[in-house]
Amino acid sequence: MTTEKMPATVRVGNTALGGGHFALIAGPCSVESEDQIIGVARAVQQAGATILRGGAFKPRTSPYDFQGLGAEGIRLLLRAKEATGMPIVTELLALRDLPLFEDVDMIQIGARNMQNFDLLKEMGRLKKPILLKRGLANTLQELLMSAEYIISEGNDQVILCERGIRTYEPYTRNTLDLSAVPALRELTGLPIVVDPSHATGKASLVPSMAMAAAAAGADGIMIEVHNDPACALCDGQQSLTPETFADLSRKIFRIREVLA
Ligand code: PEP
Ligand code: MN
């Protein structure tokens, strides 16, 4: 089995990615409170987002930084799903937490776990879409082999996510490899998402790169949005306000019209 023959469309709750379907995924880096997640969910939905993101289990570089609300974070995300009807995506760090993810619509395997092969095999035994993020030092071939780990166990609902790779340029958090979009398109049928938030690490750079991702033909774009970025517990510097996101969303949909 190769990803080349995979179906182009993956359904996520009441929406879909690939095969002409486009998803705008938005929400905070981390779930912080019920008011925060429901407030951001309503704002991004109003602006055209179709999937809500929010981290409950956070892979932080420092063990002393906020690690996420854990089980309580998942509970609050489910409340936001109930309040808005939006499907939700959130990261699984360890298999131990899987029972909490039953009503999560799409499981994210983050950059740091892209080659956690045991975890990938377990994702292959689920009947749920998996958002697989590219590791910070991984090639496209390695990303595709990680997708194969999931697919070969029986789950073909895999979505690939380019989120920037580490280069020698420190001005941006990572370097967004936008050529990954057309390159992966040549190599696989799987839907392709771009995350300009983790790629750039700077809110001022996110709109340009999100528009460029849309122009490159991404099947989805994932953007961090926070109601009060300056006070965010995680990744505030790269988070858009709901207002900036709404303006960007309008432009993304206009770019999509040009491509149609
Ligand atoms: C995230 O999307 O919350 C995240 C931690 O991203 P990445 O794995 O790409 O760093
Ligand atoms: Mn983040």
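Is Asp235 buried or exposed, and at what relative accessibility?

1. Asp235 counts as buried, at 10% relative accessibility, where buried means under 20% relative accessible area, exposed over 50% and partly exposed in between, with a 1.4 Å probe and protein chains only. This is a predicted model, in which local features need pLDDT of at least 70 and side-chain atom pairs count only at pLDDT 80 or more, while totals for chains, interfaces and linings use all residues. Residues are numbered from 1 along each chain as its sequence is written, ligands are numbered from 1 in the order in which they are written, and side-chain values use heavy atoms, without hydrogens and water.

2. The manganese ion (ligand 2) is coordinated by Cys29 (SG), His198 (NE2), Glu224 (OE) and Asp235 (OD), at 2.0 to 2.4 Å; donors are N, O and S atoms within 2.8 Å of the metal (3.2 Å for Na, K and Ca), and since water is not among the atoms, sites may look incomplete. His198 lies in helix 6 (residues 196–200) and Asp235 in the loop between strand 10 (220–224) and helix 8 (242–259), so the pair ties together parts that are 37 residues apart in sequence. Helices (H or I, at least four residues) and strands (E, at least two) are DSSP runs, numbered from the N terminus.

3. His198 is buried, with a relative accessible area of 9%. Asn174, which sits in the loop between strand 8 (158–162) and helix 5 (180–187), is also buried, with a relative accessible area of 4%. Neighbours within four places in sequence aside, Asn174 is in contact (heavy atoms within 4.5 Å) with residues including His198, Ala199 and Arg163.
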